[in-house]
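User: I have a structure open and would like to go through it with you. Could you start with the overall make-up and then move to single residues?

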Amino acid sequence: MTENERFKLIRKQLAMTAEEFAKPLGVGRSAISNIESGARGITGQIKVALARAYNVNEDWLTSGEGEMFLHKSDDDELAELFAEILGAGEDDSIKK
C-alpha cells in the first residue's frame with residue numbers, strides 16, 4: 001500500500017468527506033483528491049497537520065508500520081474537555 005493509499009484510508013476510517021477532512025489540515029477538497037489519486041505527494045506540513053488534527057501516526061502513514069492512530073494521553077483528553085467546558089476558542093489553549 002502506498003503512502004497516498006494510506007492517506008485515503010485514514011479519511012475513510014474517519015468516515016469523512018474530502019471537504020470535512022481538508023478543513024483542519026488547512027487545504028481544500030481538491031488537494032485531498034489530488035493526494036488520494038496519487039497526483040500529488042503528501043507534504044511534511046500535511047503530515048504534521050494529520051498528526052495534530054486526527055492523531056495519525058506519522059510512522060504508519062510513511063511506512064505502514066505500527067498503528068494508524070496514536071492514542072491520546074489522559075492529560076490530552078482532560079485538556080480538551082476543559083477547553084470545551086470553558087468555551088476556549090481555537091487560538092486558546094490550556095497549559096498542562
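Analyst: This is a predicted model, and its protein chain holds 6 helices and 0 strands, so that the order of elements from the N terminus on reads α-α-α-α-α-α.

User: How much of the chain counts as buried, and how much area does it expose?

Analyst: Of the 96 residues in the protein chain, 28% count as buried, while the chain exposes about 6,600 Å², with carbon and sulfur atoms supplying 47% of that area.

User: Let's go to α1. Which of its residues are buried?

Analyst: The buried residues of α1 are Glu-3, Asn-4, Arg-6, Phe-7, Ile-10 and Arg-11. Because they cover an arc of only 160° around the axis, they lie on the same side of α1.

User: What do they pack against?

Analyst: The buried residues of α1 pack against α2, α3, α4 and α5.

User: Which residues does Arg-6 touch, then?

Analyst: Not counting residues up to four places away in sequence, Arg-6, which sits in helix α1 (residues 3-13), touches Met-1, Trp-60, Leu-61, Thr-62, Ser-63 and Gly-64.

User: Switching to α4, which residues are buried there and what covers them?

Analyst: In helix α4 (residues 44-54), the buried residues are Ile-46, Lys-47, Ala-49, Leu-50, Ala-51 and Tyr-54, and their cover includes α1, α2 (18-22), α3 (29-37) and α5 (58-63).

User: What is the phi of the residue that follows α4?

Analyst: α4 is followed by Asn-55, whose phi is positive, near 55°, although Asn-55 is not a glycine. Asn-55 is found in the loop between α4 and α5, and because its relative accessibility is 22%, it counts as partly exposed.

User: What about the residue that follows α1?

Analyst: There Ala-15 follows, with a positive phi near 55°, again in a residue other than glycine. Ala-15 has its place in the loop between α1 and α2, and it is exposed, with a relative accessible area of 66%.

User: Now Asp-59: is it buried or exposed, and what is it in contact with?

Analyst: Asp-59, which is found in helix α5, counts as exposed because its relative accessibility is 52%, the cut-off for exposed being over 50%. Leaving aside its neighbours within four places in sequence, Asp-59 is in contact with Gly-64 and Glu-65.

User: Last topic, the surface. Which residues form a nonpolar patch?

Analyst: Phe-82, Ile-85 and Leu-86 form a nonpolar patch on the surface, and together they have about 350 Å² of accessible area. One of them, Ile-85, is found in helix α6 (residues 74-86) and is exposed, with a relative accessible area of 61%.

Technical notes:
Residues numbered from 1 in each chain as written. Predicted model: local features only at pLDDT ≥ 70, side-chain atom pairs only at ≥ 80, totals over all residues. Heavy atoms only, no water. Patch = residues over 30% accessible without salt bridge, like charges linked within 9 Å, V, L, I, M, F, W, Y side chains within 5 Å. Areas by Shrake-Rupley, 256 points an atom, 1.4 Å probe, with all protein chains shown as cover. Salt bridge = Lys/Arg side-chain N within 4 Å of Asp/Glu carboxyl O. Helix = DSSP H or I, 4+ residues; strand = E, 2+ residues; numbered from the N terminus. Buried < 20%, exposed > 50% of the residue type's maximum accessible area, 1.4 Å probe, protein only. Contact = heavy atoms within 4.5 Å. Arc of directions from axis to C-beta.
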